[in-house]
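Here are my notes on the model shown below. Please read them with the structure open.

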Amino acid sequence: MQAPFDFRTLFELSPNPYMLLDRELRYVTANAAYLRVTASRLEDLVGRNIFDAFPHDPDDPANSSVRMLRDSFVRVLTERTLDTLALIPYRVPRHTGEGVVVEERYWSATHTPLLDARGEVAFILQHTMDVTELQQLKQAVRDAEASLEEGPRRTQLMGGVLARAQAVQEANRTLDDERRHLRRIFEQAPGFMCSLKGPEHVFELANRSYLQLVGHRDLLGKPVREALPEVAGQGFFELLDRVFTTGEPFVGHNMRVQLQREPGAPLVDAFLDFVYQPVVEVDGRVSGIFVQGHDMTAQKLAEDELARHRDHLEELVRERTRALETSEAERRQAEAALLQSQKMEAVGKLTGGVAHDFNNLLQVVSGNLQLLQRDEVGDTRTQRRLETALGAVERGARLASQLLAFARRQPLAPTALNLGRLVRDMDDLLRRALGEDVEVETVIAGGLWNTSVDRNQLENVILNLAINARDAMDGRGRLTIEAGNAMLDDHYAMLHPEVSPGQYVLLAISDTGTGMTPEVLERAFEPFFTTKPEGRGTGLGLSMVYGFVKQSGGHVKIYSELGHGTSIKIYLPRTFQAAVQPTETGTAQVEGGTETILVVEDDAAVRATVVEVLTELGYRVLKAHDGQSALAVIQSGLPVDLLFTDVVMPGPVRSPELARQAKALLPDLEVLFTSGYTENAIVHGGRLDPGVSLLSKPYRREDLARKIRAMLKGREQRLAAKQYREPAPAAPEPEGKGTLRILLVEDDADIRESASELMTDIGHTVCAVASAEAASEALAKEPFDLLFTDVTLPGMSGVALAREVVRRYPALRIIIASGDSRAVSGEDSKALAHVVLLPKPYDLNQMERALEQVAAGATPVARARPA
């Protein structure tokens, strides 16, 4: 595509001689007219000093013509303004018929400075006019004046000379105007332009935009490969060579070039639209290339930015689409979860209502059956039938309990426990339940964390799953019980929305049975779903496990493959509390008493049965049919030691409010709740409220007797402790081997049991606990004569417990059992001056001596030595 104007063509076709010098007065270029009048070739001039190329007089290098020309150049360089030589004689070569001769010519010269970006003269443009003929005419006129008189002929001659001179001057002015106009257009053009000469692509001209593009640098007179070395390898030099060789223009669009605009600076990207236009002479020869184009970098960056925004917008649309799809899936999942929750809620309410009435009926049946057992002691046949009936009552109670567990409405009493220890404690029970043909393997990880769950319910879960595994293995195979620590991360929680990420204690029960099909696995937790033959299962086992785990804040997952067995993994939340070893009360002897018990029960049959059972046990029994009547009994002033009330009762006074007001009137009153379904009265978040005692219906006579007796004994101990603490007298020193009330603190169950038996055999009364924290609670409830503690305990150490006891109970004597003789040293030796150290292991004689020593008054950090 041809440029709007071809400056090179204008430069070449100008009839006036033009040439361009650099600051050192070396030729940069010259047009055809200049080369004609000087009989020269451009390649012989470029790079040479003007005075070397055209010496005026070798014999007189400093002649007047040379001085005039040099002075003009100096004025242009120093003053940076145009300078004109009206007339200067100068010898130049000239073509004649006899060849090239050097002759004296007369010239009129204009020297125009071309300034760089700093305002300094970079080049000098010389425009010359050959005025030899004019000078010769003037000389002819002068000669004519000398030979001719004044007259018309002289006037005519002078007029012709002046007219020709005026025409020449007018032509010069026109050419100067054209030159200046072209220069302004060239410099002010919005696009970049440059002119390259010859096959080496030597820079002849470059406008301001081109210099801004490549960085202001010295270009003129240099080949493009020398002037722009960083462009090498980017393909542009090869394009120039092709245009010069073929004479075909090249048009480039949005072409990327890397330029170094400052010396030492990093390369920067530019994007160009340009034309390489060959300069073709009259004879068809390509003499150079005219370059014209536009810097499209800003537009390209804007387009790229727009593309990025478009891509980002498209990605946002895709993300939003995915989010909407996910939201729709989540909505459907939430709807399904809501329907399931509503179904569970409905089943739970139905279960709760049924369980309450059903358990009341079971309680009446159970109570009367147990009373009949006592009346028919000698009748074997009747006793057998009564046992059968009681077994049916127990199965009905278990069914109601499973329904409540499935609906997550059973009252839980969670305590901190060590899962590994619980599994080991169940080892004998599991082996008896599973039979000899089932191999039981337990794997307990080291450093196992504690968890907080209802111990009895968890034992039921383990036993239930073990029996299910036995049935799946048809009574023969291997059962593996594993306990370890586990982390459920955010990714797992994202895949299982009902799970909260965090630390858990893992219980895994795996069998080598038949496994489950995918269809069975999908419905495994559904209530009443079972694959066992009719009469072999209720379908509530796994649903009970699921409900218990969820109610405990855990997570359960089944992994099963048909023919390869099943693994059920239960994740229970970790607790940082010290494990509490349970006190065994289930086998305690059934005892009665003479205390006063107020029974509050709205069901007349249940109330009558309970009153009869308690009366047989020797208690004085008061009764009320609702909370308001019971409160009236309390307010009447009658002495009451224990309030035994149903949770769900009619009337304005609910059972929790009855208990609160009764405790306000009788601070030492014991309160025992009973119910087949607790609703939310004393159970919140699936857990019994703190300090609440509950006996679930239906219960046996023995369970009721043991529970009431244990609570009344606790009341007696608190009353005694209150009397013991109020006057705060020093504890009486036992004499010799008198009975001591000993608080034993030992976390190892085996050592605790053996030590307790040894002390009991000696004749002392022992209360055994597993931690220092439990010991502190026991000390606050009842008085003791002696603290017998191990050093290493979960949580607070035995030494720290001893320091606390010395501070709070200075009269209490202390024995510390330890395998380390340095257990009490340094500052502790001063604080625990009267402590007796009993080295482990110890026997009965060593323990007796330690007890005698502490009873007699120990010396500072006394050590009980073996015999």
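**Notes on the model**

1. In α5, the buried residues are S65, V66, L69, S72, F73 and V76. Buried means under 20% relative accessible area, exposed over 50%, and partly exposed in between (1.4 Å probe, protein chains only). Seen down the axis of α5, these buried residues fall within an arc of 135°, so they line one face of the helix. The arc is taken over the directions from the helix axis to the C-beta atoms. An α-helix has 3.6 residues a turn, so residues three or four places apart point the same way.

2. This is a predicted model: local features need pLDDT of at least 70, side-chain atom pairs count only at pLDDT 80 or more, and totals for chains, interfaces and linings use all residues. Residues are numbered from 1 along each chain as its sequence is written, and side-chain values use heavy atoms, with hydrogens and water left out.

3. The length of α5 checks out. Helix α5 covers residues 64–79, and its 16 residues should span 22 Å at 1.5 Å a residue; the end C-alpha atoms are 22 Å apart, which agrees. The expected span is 1.5 Å times one less than the number of residues.

4. Now the ends of α5. At its start, a side-chain oxygen of N63 comes within 3.1 Å of the backbone nitrogen of S65. Just after α5, R80 has a positive phi of about 55°.

5. The chain has 27 helices and 30 strands. Both are DSSP runs, numbered from the N terminus: helices are H or I, at least four residues, and strands are E, at least two. Of the 867 residues, 44% are buried. Among contacts (heavy atoms within 4.5 Å) with a separation of 6 or more, 63% join residues 24 or more positions apart.

6. Where does R48 lie? R48 sits in the loop between α3 (42–45) and α4 (50–53). R48 is partly exposed, at 37% relative accessible area. Leaving aside neighbours within four places in sequence, R48 contacts L25, R26, Y27 and A53. A polar atom of the R48 side chain lies 3.4 Å from the backbone oxygen of D44. The backbone oxygen of D52 also lies 3.4 Å from a polar atom of that side chain.

7. Is T112 buried or exposed? T112 is buried, with a relative accessible area of 13%. T112 belongs to strand β4 (residues 99–115). Not counting residues up to four places away in sequence, T112 touches L82, F123, I124, L125 and R179.

Methods. Polar contact = N/O pair within 3.5 Å; in protein donor to acceptor, adjacent residues only side chain to side chain.
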